[in-house]
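User: I have a model open and want to go through its contacts. Can you take my questions as they come?

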Amino acid sequence: MPGYHIRKARVHDVKAIHGLIYKCAQKELLLARSFHQLYNFLRDFVVLTDGEDTVLGCCALSICWEGLGEIRSLVVDPGHERQGLGRRLVTACLDEARELGLARVFTLTYVPGFFSRLGFAEVGKDVLPHKIWADCINCPKFPECDETAMLIELIAPANLETTASDA
Ligand SMILES: CC(C)(COP(=O)(O)OP(=O)(O)OC[C@H]1O[C@@H](n2cnc3c(N)ncnc32)[C@H](O)[C@@H]1OP(=O)(O)O)[C@@H](O)C(=O)NCCC(=O)NCCS
């Protein structure tokens with residue numbers, strides 16, 4: 001896809017990331033994130049930029065527990081939806097999850113159809129105990145969560161498997 005580029009977020013992206021998330025949070029599509037949270041968790045984020053390095057989308061991979069990660073704060077600029085950018089952002093986070101050795105990644109979402117196209121399957125929220133107690137308890141909607149829990153099982157990259165069997 002010419003002109004578009006995915007990279008780890010940098011501090012100068014925080015205002016753009018905040019703007020993307022804020023607009024979606026106003027529509028209650030995802031949880032708002034403060035500047036403080038974004039700077040704290042900036043290492044979790046990847047951004048998708050155009051040829052002029054304008055941020056058009058963002059996505060975060062959070063490590064929840066051994067073997068378990070979460071996709072959070074996924075947004076594509078409304079003017080650039082349905083061009084495969086959301087897929088690229090999630091794919092980049094899943095690639096990083098494999099490199100980190102995570103076996104499973106989940107998300108809580110209002111767009112299960114999008115995530116099912118990427119290989120996620122719906123699961124009961126009761127399979128996510130660490131998530132429920134660590135983060136959901138701070139959500140204004142807790143305990144009446146109306147999002148769908150989706151999970152994907154990851155296959156380790158070949159080079160990590162080789163390294164493990166060589167050891
Ligand atoms: C959801 C969102 C990230 C999708 O981004 P996008 O760039 O438009 O998605 P893509 O173009 O990469 O779509 C990938 C696939 O999902 C499908 N898809 C996209 N949005 C969808 C939706 N809302 N429902 C069902 N399927 C969807 C596409 O048709 C495409 O399918 P295909 O591969 O079979 O052609 C984007 O619409 C968005 O930012 N929404 C607002 C914030 C939000 O809801 N974030 C998710 C919070 S968990």
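User: How many salt bridges does a search of the whole structure find?
Analyst: Five salt bridges turn up, each a side-chain nitrogen of Lys or Arg within 4 Å of a carboxyl oxygen of Asp or Glu. This is a predicted model, where local features need pLDDT of at least 70, side-chain atom pairs count only at pLDDT 80 or more, and totals for chains, interfaces and linings use all residues. Residues are numbered from 1 along each chain as its sequence is written, and side-chain values use heavy atoms, with hydrogens and water left out.

User: Which side chain does K8 meet in a salt bridge?
Analyst: That of E96, at 3.3 Å, N to O.

User: Why does that pair tie parts together?
Analyst: K8 lies in strand β1 (residues 5-8) and E96 in helix α3, so the pair links parts 88 residues apart in sequence. Helices (H or I, at least four residues) and strands (E, at least two) are DSSP runs, numbered from the N terminus.

User: Now the ligand. How many residues surround it?
Analyst: 19 residues, and the closest include E81 and R82; a residue counts if one of its heavy atoms lies within 4 Å.

User: Which element gives the most to that shell?
Analyst: α4, with four residues.

User: What backbone contacts are there?
Analyst: For polar contacts (pairs of N or O atoms within 3.5 Å), a backbone N or O atom of L74 lies 2.8 Å from a ligand nitrogen. A polar backbone atom of V76 is 2.8 Å from a ligand oxygen.

Notes. A polar contact is a pair of N or O atoms within 3.5 Å; within protein, one must be able to donate a hydrogen and the other to accept it, and residues adjacent in sequence count only if both atoms are side-chain atoms.
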